[in-house]
Amino acid sequence: MSEAAKGKLALYWAASCGGCEIAVLAINEKILDVAAAFDIVLWPVAIDAKVRDVERMADGEIDVCLFNGGIRTSEQEYMAQLMRRKSKVLVAFGSCASEGCIPGLANLSHRRQVFETVYRDLPTTDNAEHVEPQHVTHVPEGELHLPVFYDTLRTLNQTVPVDYYLPGCPPEAERIWEAVTAIVQGTLPPPGSVIGAETTVCHECPRTRNEKKIKKFYRTWQIIPDEETCLLEQGLVCCGIATRAGCGALCPQVNSPCIGCYGANEGVHDGGARLMTALASVIDATDPEEIQGIVREGIPDPVGSLYRFGLAGSELRRSRRKTNGAAAKAV
Amino acid sequence: MKRISIDPVTRLEGHGKIDIFLNDEGDVANVYLQIPELRGFERFCIGRPAEEMPNLTARICGVCPEAHHMAATKALDDLFHVDPPPAAKKLRELLYSIFYATDHTTHFYALGGPDFVMGPTAPVAERNILGVVQKVGMDIAGRVLKMRRDGHHLIKMMGGRAVHPNWGLPGGVSRGIQEDQRQEIERLGRDAVEFAKFSLQLFADVVLKNSDYVKLITGDIYVHRTYNMGTVDANGHVNFYDGQIRVVGPEGQEHARYAARDYQHYVAERVEPWTYLKFPYLKKIGWQGFVDGVDSGVYKATPLSRLNAAEGMATPLAQAEYLKFYDALGGKPVQHTLATHWARLIELLYAAERWVELATDPEITSKEYRVLPTQTPTEGVGCVEAPRGTLTHHYVTDERGLLTQVNLIVGTTNNNAAISLSVKKAAQQLIRKGQVVTEGLLNMVEMAFRAYDPCFGCATHSLPGQMPLEVVVRDACGVVQQRLSQFLGSGDEGRDVP
């Protein structure tokens, strides 16, 4: 590819852990191929380009932006809007940007509760005066500003329109490379698609399935599963049955159930609901009360277990406020 | 009043921000280090089953997920009152040693090392890993990449995934290792020992033989007489995975030595309205503000702190380097922040030696790597030494093991106040009577940061030590007078004056 034909690529991170960045770096020397195909115009972790340089660009000047992390603060919201405006193709990269990931479980609480827990209630917090972080603080020497912490964590597409999704927490390096290749070769699927496999983790899992039904769900610390047969059929809540393939069934291969980090499989609108249906299908009971008992016993936190990675992006999205609306109102 | 803002690439990055205020005489009046993000794990983990924690808390930081995974797993042992079999503890420590060697390698070669190998006054464009490669030879890049690749490969093999393993359980781990895997782990571990020795030799040749560097390390700019924290084994040696937490005072005297479970008697956290990140301090000493000394509860928890808090290293080659270290720097404790880089390499050697020790332990391939808990869960604390400081997870549950309280004191957070001190001191040295030492300010402040390897991934999400800085000098009306920028590995001149 000639210099003139080089596209412009940006990578950005919002409310994320940095694992997506490590995953990108794990493509190792192929990062040089990426650099050969693209001018990387923004990548805070690796290159010296500044947000104000992006602000000066024409709208749509960036060809592709890989955006990881959810949106929890006013700063992150601004960056999502900026990158959307400047990019022809915006990719929600990884679980946080796609569906909220683990930090999305914060939507089961409100900002006020987060603040009260972190800055008041914890045993080592010494804060008799109930000091809390403020958007603006007047110190003797002047004013200090913090971004606003919103009440709800949003996914990228709840903030701005998104063209593609790359699932995984984090995406496996091989899948990242495939996506980059598709971008370079112009073989991307139709806009709105998830760039990934259409099957489930079960299809990649070497374990044997016997179409066995179960009478009880076990929590991971309650049994030592055998290493050969399906974990779900041994009574563990393995999410593989309703989770998109792409990782190579890594967790089941170390005798741990899939926790669903690749999100819902193709064509599924609400991953948690799909998983619930899938789990129900293996329960060996017909009496509703018995079924309820089995679920209550073995899955004591249905929202956290079924929507572990997908809550913020799901139909549920967040818990309802019961009282005291003003205190938790989003800014 | 004049203000100097030091932002990551811009104030919109969400990483960290330093505001330096000058008084009317043009001297530094105060410095504020702000962390502009919060995710609230301590709140949203409430109600979750406790066994979720090794996987949930790994997402605090994608740079050191192994540390959170391990601290959480140990907290579950305590919570469920279960003692893992010896092989389980050894497997965990093995994976953790591999992680340490990998992580310390990244820091030294990509982040902290270039300042020394290339020199702190080298052009910005050369002060990076590529500059290091050019100076010391192409071979080194291959060795660094191999070290990282080996580490990630083995962590994935043992823990299921290279980033965010899914492996730890109360009472053990989900799967052990086979003999063929053990052989590979041992072989790569021996490579790691050679790599660590090579790294220390490089440091000796390039840094210690240069009197300018030695002067910089032992000079006044980077000294803070604070308390030091680290985990020690029964013999008082540094241990990353388990032991008692020991805190020594500014002169090296023992302040405390306690089991993880007692942490809340020794550590408290202060809240300030201008940052989302709390400031831990030693509870029995108390919070006296951002000052060092024996009366201030500010402490450091870094590779250097761990060496200071211990009596030595548990492996022979690392112990020899430990003695050399204190001999060269005038005895214990060493309070020179920049010596942290050297301490990190000694820890790299220890991690690699321990890796081989555990890989050759006859018990490591045992099938007894897990026992099931039988008691009702109540309350548990788990501590490990994260590369960037003592990491504490504390859980309380109901009788079904659903969490009712979660307290986390993460690696870098321990150093929040100490980093603020370092930045303030560097600023005070470099800004006098309104004179801003432009290039010096940038790099010296950045070096003050980098020594701590600050991973605000745990608080925000910047990779360790990679603090892209921008300094904005404003006059009293807030008008930008000068703008300087710098980024590790950048090709620009570090200067951008509008």
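In this predicted model, five residues of domain 1 of chain A are in contact with five residues of domain 2 of chain A. On the domain 1 side of that contact, the elements that contribute two or more residues are strand 4 (71–73) and helix 4 (74–86) of chain A. Sorted by class, this side of domain 1 holds no nonpolar residues, two polar residues and three charged residues.

Strand 9 of chain A, which spans residues 149–154, is mostly covered, with five of its six residues buried.

Turning to the contact between the chains, chain A supplies 72 residues and chain B supplies 79 residues. The side of chain A that touches chain B is made up of 40 nonpolar, 21 polar and 11 charged residues. Strand pairing also links the two chains: strand 6 (residues 125–126) of chain A and strand 9 (residues 267–270) of chain B run parallel and are joined by two bridges. In this arrangement Thr125(A) stands opposite Glu269(B), a residue of strand 9 of chain B.

| Strand pair | Sense | Bridges |
|---|---|---|
| Strand 6 of chain A and strand 9 of chain B | parallel | two bridges |
| Strand 12 of chain B and strand 13 of chain B | antiparallel | eight bridges |

In chain B, three strands form an open sheet in the order 12-13-14, with antiparallel pairing. Strand 12 (379–386) and strand 14 (403–409) of chain B are the edge strands, each of them pairing on one side only. Neighbouring strands of this sheet are turned against each other by 10° on average, with direction ignored. Strand 12 pairs with strand 13 (residues 389–397) of chain B over eight bridges, and Gly382(B) has His393(B) of strand 13 as its bridge partner. Helix 3 (residues 65–79) of chain B packs on the sheet, where it touches strand 12 and strand 13 of chain B, and the direction of this helix makes about 150° with that of strand 12.

Terms used. Residues are numbered from 1 along each chain as its sequence is written. Chains are lettered from A and ligands numbered from 1 in the order in which they are written. This is a predicted model: local features need pLDDT of at least 70, side-chain atom pairs count only at pLDDT 80 or more; totals for chains, interfaces and linings use all residues. Two strands pair if DSSP finds at least two bridges between them. Helices (H or I, at least four residues) and strands (E, at least two) are DSSP runs, numbered from the N terminus. Axes are lines fitted to C-alpha atoms, for helices over the stretch in contact, and angles run from 0 to 180 degrees between N-to-C directions. Two residues are in contact if their C-beta atoms, placed from the backbone, lie within 7 Å. Ala, Val, Leu, Ile, Met, Phe, Trp, Tyr, Cys and Pro count as nonpolar, Asp, Glu, Lys and Arg as charged, and the others, Gly among them, as polar. A residue is buried if 20 or more other C-beta atoms lie within 10 Å of its own, exposed if 12 or fewer, and partly exposed in between; C-beta atoms are placed from the backbone.
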